[in-house]
Amino acid sequence: GEVGGLGASALYFSYMLIGTTADGLAKEVYDADQVKSIADSVKAVLKTNSDQLAAVRKTQLTEEDAQYVDEIIAVMEMIREYAALLEKYSEKKDPTVADSFQEHRTKTWERIKKLLGIK
């Protein structure tokens with residue numbers, strides 16, 4: 001339904017915003033403070049969305065809708081982790097954190113594509 005659609009679009013835009021922020025950091029358009037500000041706002045919005053979806057999840061949903069909402073909530077958590085990794089990387093530029101970030105970026109995008117039916 002509409003709630004799922006809103007949740008799914010929030011996933012897509014949040015994911016893209018973190019990716020764009022990462023690219024901006026790489027090109028030195030953003031510094032660690034700006035990255036932290038963007039990452040924190042994305043994490044906060046997704047936390048709110050996730051809590052709202054969890055409340056909807058408790059209502060009378062079909063099994064299929066309930067599973068869809070569960071998947072959106074799971075992917076929102078992945079994007080929050082993705083944002084946290086970028087924030088962590090921006091502070092110390094640790095290559096192992098960069099590797100985790102890239103791994104998470106790929107894994108999260110695969111889940112989003114599946115959820116949104118993107119080829």
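The structure holds five aromatic pairs, where rings of Phe, Tyr and Trp (its six-membered ring) pair if their centres lie within 6.5 Å, and planes under 30 degrees apart count as stacked, over 60 as edge-to-face and the rest as tilted. Tyr15 and Tyr82 form one of these pairs, a stacked one with 5.1 Å from centre to centre and 15 degrees between the planes. This pair links distant parts of the chain, since Tyr15 belongs to helix H1 and Tyr82 to helix H3, 67 residues apart. Both Tyr15 and Tyr82 are buried, a term that means under 20% relative accessible area, with exposed over 50% and partly exposed in between (1.4 Å probe, protein chains only). The rings of Tyr82 and Phe101 have their centres 4.8 Å apart and their planes at 10 degrees, so that pair is stacked. It too links distant parts of the chain, with Tyr82 in helix H3 and Phe101 in helix H4, 19 residues apart. Phe101, like Tyr82, is buried. Ring pairs join Tyr12, Phe13, Tyr15, Tyr82, Phe101 and Trp109 into a cluster.

The model is predicted: local features need pLDDT of at least 70, side-chain atom pairs count only at pLDDT 80 or more, and totals for chains, interfaces and linings use all residues. Residues are numbered from 1 along each chain as its sequence is written, and side-chain values use heavy atoms, with hydrogens and water left out. The predictor's confidence in each residue, pLDDT, runs from 0 to 100; its mean over the protein chain is 93, and 97% of the residues reach 70 or more. Confidence is lowest in H1, at a mean of 89, and highest in H4, at 96.

The secondary structure of the protein chain consists of four helices and zero strands, and from the N terminus on the elements run α-α-α-α. Helices (H or I, at least four residues) and strands (E, at least two) are DSSP runs, numbered from the N terminus. The radius of gyration is 15 Å, close to the 14 Å that the globule rule gives for 119 residues, so the protein chain is as compact as a globular protein of that length. This radius is taken over C-alpha atoms, and the globule rule is 2.2 Å times the number of residues to the power 0.38. Along the principal axes, the C-alpha atoms fill a box of roughly 45 × 25 × 20 Å. Of the 119 residues, 36% count as buried.

Not counting residues up to four places away in sequence, Leu86 touches Ile18, Thr21, Ala22, Leu25, Val35 and Phe101; contact means heavy atoms within 4.5 Å.

Helix H3 has 30 residues and reaches 44 Å from its first C-alpha to its last, close to the 44 Å expected at 1.5 Å a residue. The expected span is 1.5 Å times one less than the number of residues. Just after H3, Lys93 takes a positive phi of about 50 degrees. In helix H4 lies Lys114, which counts as exposed at 74% relative accessibility.
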